[in-house]
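Hello,

Here is the structure I promised to pass on to you.

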Amino acid sequence: GHCRRRASRSRSGMSRALTAPVGATGTHARRRCAASRCSSSGPTARWTRATRCDASNGKEDAGNRSRPKRPARVPRRVPRPDAGGGDAPAPTTKNKPAVRRRTVAATDRGKALTDEEKAIRMRELRERAAAPRVAELADAVRRACDAGEYKPAQAAYAELKAVPDGVVPPDVFETMLSLCARLRMPSSAEGVFIDSLTAGAAPTESACWKLLETFESSGESRRAEKVLAYMESRGIG
């Protein structure tokens, strides 16, 4: 019965609103209609509440959209010292003391030498050790030859040849040949000439002419011819 009364009231209200003249339905009628809709239960009330919630949510979304967004914080990456890159700072290195490197020669220690090279080096060392004695005896031969003293010159010359690993200077041979030519001693001159060849000293043109002069002044024509043949074969003179 209660539901019937409510339905009849609503129909009477709707009929009055429809039959009322234009402008008669004012604010009071709209309020009654709104009140009847809000007070009614069912799908209409639920739809109204959902619409109001959506509207309120829309306002909040609009407010959030109008508010400026803060940029996301990007973590700062510190590059490692060993990482390669154009912007990466160069690693700091301590200044090391400069080390002077010794230049290594081609024949420095550590290089394997052949037996022939070892022998040459040993001979050079021995010759260097005997050089002072050789120089002393060579000066003695020169002084004796300049004085024209054959025996002191011959003694110093013989001792000079006997020095172990000693090398007779080439000018000593020519000095002895000059003395033999002045004293006309062909045999001694020939021995000095052979010594020079044995020592490996190439005979000079001056030494050959002194030997030839010694043979000719002593009447040794055959020996003189041999000297001339030797000079022609070597292209001397």
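By salt bridge I mean a side-chain nitrogen of Lys or Arg within 4 Å of a carboxyl oxygen of Asp or Glu. Arg 133 belongs to helix H4 and Glu 159 to helix H5 (residues 150-161), so this pair ties together parts that are 26 residues apart in sequence. Helices here are DSSP runs of H or I with at least four residues, numbered from the N terminus.

Before going further, please keep in mind that this is a predicted model, in which local features need pLDDT of at least 70 and side-chain atom pairs count only at pLDDT 80 or more, while totals for chains, interfaces and linings use all residues. Residues are numbered from 1 along each chain as its sequence is written, and side-chain values use heavy atoms, leaving out hydrogens and water.

Back to Arg 133, which also meets the side chain of Glu 136 in a salt bridge (3.3 Å, N to O). Both of these residues lie in helix H4 (residues 115-147), three residues apart, about one turn of the helix. How exposed are the residues involved? Arg 133 is partly exposed at 33% relative accessibility, Glu 136 is partly exposed at 48%, and Glu 159 is partly exposed at 39%. The scale is relative accessible area: buried is under 20%, exposed is over 50%, and partly exposed is in between (1.4 Å probe, protein chains only).

Another salt bridge joins Asp 171 and Arg 142, whose closest N and O atoms are 2.7 Å apart. Asp 171 sits in helix H6 (residues 170-183) and Arg 142 in helix H4, so here the pair ties together parts that are 29 residues apart in sequence. Asp 171 is partly exposed, at 34%, and Arg 142 is partly exposed too, at 25%. Through shared partners, salt bridges join Arg 133, Glu 136 and Glu 159 into one network. Across the whole structure, the search finds eight salt bridges.

Now the cysteines. How many disulfides are there? With a disulfide taken as a pair of cysteine sulfur atoms within 2.5 Å, the count is zero. Cys 145 is in no disulfide, and the nearest cysteine sulfur, that of Cys 180, is 7.9 Å away. Cys 145 is buried, at 1% relative accessibility, and Cys 208 is buried as well, at 0%.

Enjoy exploring it!

Best wishes

Terms used:
Helix = DSSP H or I, 4+ residues; strand = E, 2+ residues; numbered from the N terminus.
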